[in-house]
Amino acid sequence: MTPADLSCAVLSAVRSAVDGGELAVAVPERVVVERPGPGGAGEWASNVALRLAREAGRSPREVAEVLRGRLAAAPGIAGVEVTGPGFLNVTLAGDSVGALVARIAAEGEAYGSGDALREAAPVAVPDGSELRARVVAEAAGRLVRAQGGRVRGGGAAPVPARPGLHSEAVLGADGVRWALLHPAPHDLPHGAEVLEQRARNPLFRVRYAHARGRGLVAGGAALGVVPGAGPVGGEAARVLAGLLGEQPAVLVAAARKGAPDRVARQLVVLADAFFDFHDSCDVLPRGGEKPGAAHRARLALAEAAGTVLAGGLSLLGISAPDHL
């Protein structure tokens, strides 16, 4: 079960409580689930009870208790606890990481695409002839269409594969796109630092994480180790898997807002989490170590990270080379 699946399960619990007469509230359009904060429990948490309490005329903990039983009965959920003022803390059943990497392997770089915006109103994207507006509009349009939506504004006009910026000879087409897309709209575009082959260059970190993931898969094949879904221990693995699971929701939110910069910055967070995971364990066997299920599961998680990074870059119109 991914965070998007869990969000749907929480919404179903709310809808069931409303239909059953236990809560008198309007069912929200969407519910966000996040990793638990201090004092939390389980793998994921939702503050939906706190959001609904005032309208329901009940305390957040009372609302949470109403939802707890319904949510705990949903397939794929092992348990639900109520913590703090009324947070729902969820533990998933079975090998949630293994199920996630298997889904990413099956969907490939299309992971996170869907029809979330199929019935939504057209999303407004930037208009204007200025290069940054055109590049942002093109990427925003690609994000919206990947969710089955429609665009209103400049997103319908494609940008040439080579933007024609005078700095392109220095930055390259991919560097130009990243320089214009990664900063928030109120920030200035990046400069020549996007060329630096070092950690302080976010584009380099994202592409290197992707290339490293691909390299691990190739190295595993040489050692007779193939990716295999299974449990992966460790905090770094949990964080990485959580970010991979959140990617569909990130893409939908970015599409709704016509904001490709959100995707770019999330890719940097994901790349950094990949490196933390990579440095925390031996993905491949060392020396005379015999390959085992743990290596196969770690390799599958690394491969999934590379796939998601490549998919995100593709939505931004940026290539993801296997070698840097």
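This is a predicted model: local features need pLDDT of at least 70, side-chain atom pairs count only at pLDDT 80 or more; totals for chains, interfaces and linings use all residues.
**Ground rules.** I number residues from 1 along each chain as its sequence is written, and side-chain values use heavy atoms, with hydrogens and water left out. Local features need pLDDT of at least 70 and side-chain atom pairs count only at pLDDT 80 or more, while totals for chains, interfaces and linings use all residues.

**Entry 1: overall form.** I looked up the secondary structure and found ten helices and five strands. Helices (H or I, at least four residues) and strands (E, at least two) are DSSP runs, numbered from the N terminus. The C-alpha trace spans about 65 × 60 × 30 Å along its principal axes. I then checked the radius of gyration, taken over C-alpha atoms, against the globule rule of 2.2 Å times the number of residues to the power 0.38. For 324 residues a compact globule would come near 20 Å, and the protein's 21 Å agrees with that.

**Entry 2: the sheet.** In which order do the strands of the open sheet lie? I read the order of the three strands as β1-β3-β2, with antiparallel pairing. Two strands count as paired if DSSP finds at least two bridges between them. β1 (44–46) and β2 (77–83) are the edge strands, each pairing on one side only. From one strand to the next the twist averages 25 degrees.

I went through the pairs in turn. β1 is joined to β3 (residues 87–92) by three bridges, and W44 has V90 in β3 as its bridge partner. Between β2 and β3 there are six bridges, and V82 stands opposite L88 in β3. β2 and β3 also form a hairpin with three residues between them. In that turn G84 has a positive phi of about 60 degrees.

**Entry 3: α8 and α9.** I looked at how these two helices pack, and their axes are 10 Å apart at an angle of about 170 degrees. Axes are lines fitted to C-alpha atoms, for helices over the stretch in contact, and angles run from 0 to 180 degrees between N-to-C directions. α8 is therefore roughly antiparallel to α9, a term for angles over 145 degrees. The contact of α8 with α9 involves 17 nonpolar, three polar and four charged residues. Here Ala, Val, Leu, Ile, Met, Phe, Trp, Tyr, Cys and Pro count as nonpolar, Asp, Glu, Lys and Arg as charged, and the others, Gly among them, as polar.

**Entry 4: the largest pocket.** A pocket is an open set of points on a 1 Å grid over the protein atoms alone, where a 1.4 Å probe fits, with protein on both sides within 12 Å along at least five of seven lines; lining residues have an atom within 4 Å of a point. The largest one holds about 830 Å³, a volume being the space filled by probe spheres set on the points, which are joined across faces, edges and corners. Of its 32 lining residues, A4, R30, P248, A249 and V252 lie nearest its centre. Which helix gives the most to this lining? It is α8, with nine residues. α1 (3–19), α8 (235–257) and α9 (260–280) each supply at least two. By type I noted 15 nonpolar, seven polar and ten charged residues in the lining.

**Entry 5: the second largest pocket.** I noted a volume of about 260 Å³ and a lining of 21 residues. E43, S96, V97, R238 and A241 lie nearest the centre of this pocket. α4 (96–107) and α8 each supply at least two residues of the lining, and the largest share, five residues, comes from α8. The lining divides into ten nonpolar, seven polar and four charged residues.

Methods. Angles under 35 degrees count as roughly parallel, over 145 as roughly antiparallel, 65 to 115 as roughly perpendicular and the rest as oblique.
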